[in-house]
Amino acid sequence: MSDFSPAAASPVPSQGPDDRWRQTHLGRLMGSALRRFDARVLQLMARNVEVPLALSNLAARDQVTAAHVHITRHLALSGDRLTDLAQRAGMTKQAMAHLVDQCEAWGLVTRAADPLDARARRVCFTPTGLAWLQAFRDAVAQAEAEFRAEVGNDVATVVAIGLEAYAGGDTGA
């Protein structure tokens with residue numbers, strides 16, 4: 001005998017199945033935590049007096065987004081070809097090119113000839129970009145300290161170890 005009932009198949013059940021798991025599964029929690037962390041980092045950068053005023057104003061007006069942080073996280077200090085930068089950030093070349101265009105207009109990066117390939121260009125930090133990178137480092141350190149204060153040092157350490165192990169030990173370049 002089947003336990004199918006027409007009431008169970010209705011599109012709007014009165015006492016439907018428990019779907020709270022959609023709000024609390026690990027992927028959703030990690031995504032929410034990342035958005036909160038990135039928002040806090042950008043907020044701290046907007047308030048950092050060491051960040052050039054124009055960039056600070058952009059961050060304060062939400063013109064600089066977590067997507068722009070991909071360049072800050074992934075661009076090597078020696079510079080990168082756009083394709084390598086996009087791959088490391090997990091973005092398409094076209095999407096990364098758009099971010100690089102914006103960051104170039106803001107004075108964070110520049111495109112220079114690649115000494116290994118005359119046809120290619122390298123994306124490199126400008127002096128302003130390096131100041132931005134230092135502000136990013138400071139903001140990340142403060143946001144991490146705030147996270148540790150909120151959840152406790154032991155939990156923060158376990159979370160960091162667990163995420164590093166889950167990510168395959170890949171902490172980025």
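Me: What is the space in the largest cavity, in Å³?

Reply: In this predicted model, about 50 Å³ of space lies in the largest cavity. The count comes to 1 cavity of 30 Å³ or more.

Me: What makes this space a cavity, and which residues line the largest cavity?

Reply: A cavity is a set of points where a 1.4 Å probe fits but cannot get out, so the space is called a cavity and not a pocket, which is an open set. Its lining is made of Val 64, His 68, Ile 71, Thr 72, Cys 103, Leu 108, Val 109, Phe 125 and Trp 132. Helix α5 (residues 66–74) gives the largest share of that lining, 3 residues.

Me: How many disulfides does a search of the whole structure find?

Reply: The search finds 0 disulfides.

Me: How do you know that the span of helix α7 agrees with its number of residues?

Reply: Helix α7 (residues 93–105) has 13 residues, which at 1.5 Å a residue should span 18 Å. The end C-alpha atoms of α7 are 18 Å apart, so the span agrees.

Me: Which residues of α7 are buried, and what puts them on the same side?

Reply: The buried residues are Met 96, Ala 97, Leu 99, Val 100 and Cys 103. They cover an arc of only 165° around the axis, and therefore lie on the same side of α7. The face turned away from that buried side carries the exposed residues Gln 94 and Ala 105. After α7 comes Gly 107, with a positive phi near 85°.

Me: What span does helix α3 have, and what is expected?

Reply: Helix α3 (residues 26–47) has 22 residues and reaches 32 Å from its first C-alpha to its last. That is close to the 32 Å expected at 1.5 Å a residue. Its buried residues are Asp 38, Val 41, Leu 42, Leu 44, Met 45 and Ala 46.

Me: What is Leu 85 in contact with, leaving aside its neighbours within four places in sequence?

Reply: Leu 85 is in contact with His 74, Leu 75, Asp 80, Met 96 and Val 100. Contact means heavy atoms within 4.5 Å. Leu 85 and Met 96 are 11 residues apart in sequence, and their C-alpha atoms are 7.6 Å apart in space.

Me: Why does Phe 147 count as partly exposed?

Reply: Phe 147, found in helix α8 (residues 127–151), has 35% relative accessibility. Buried means under 20% and exposed over 50%, so Phe 147 at 35% counts as partly exposed. Apart from neighbours within four places in sequence, Phe 147 is in contact with Gly 152, Ala 156 and Val 159. The C-alpha atoms of Phe 147 and Phe 37, 110 residues apart along the chain, are separated by 8.6 Å.

Notes. Residues are numbered from 1 along each chain as its sequence is written. This is a predicted model: local features need pLDDT of at least 70, side-chain atom pairs count only at pLDDT 80 or more; totals for chains, interfaces and linings use all residues. Side-chain values use heavy atoms; hydrogens and water are left out. Helices (H or I, at least four residues) and strands (E, at least two) are DSSP runs, numbered from the N terminus. The expected span of a helix is 1.5 Å times one less than its number of residues. Buried means under 20% relative accessible area, exposed over 50%, partly exposed in between (1.4 Å probe, protein chains only). The arc is that of the directions from the helix axis to the C-beta atoms. A disulfide is a pair of cysteine sulfur atoms within 2.5 Å. On a 1 Å grid over the protein atoms alone, a cavity is a set of points where a 1.4 Å probe fits but cannot get out, and a pocket is an open set with protein on both sides within 12 Å along at least five of seven lines; lining residues have an atom within 4 Å of a point. Grid points are joined across faces, edges and corners, and a volume is the space filled by probe spheres set on the points.
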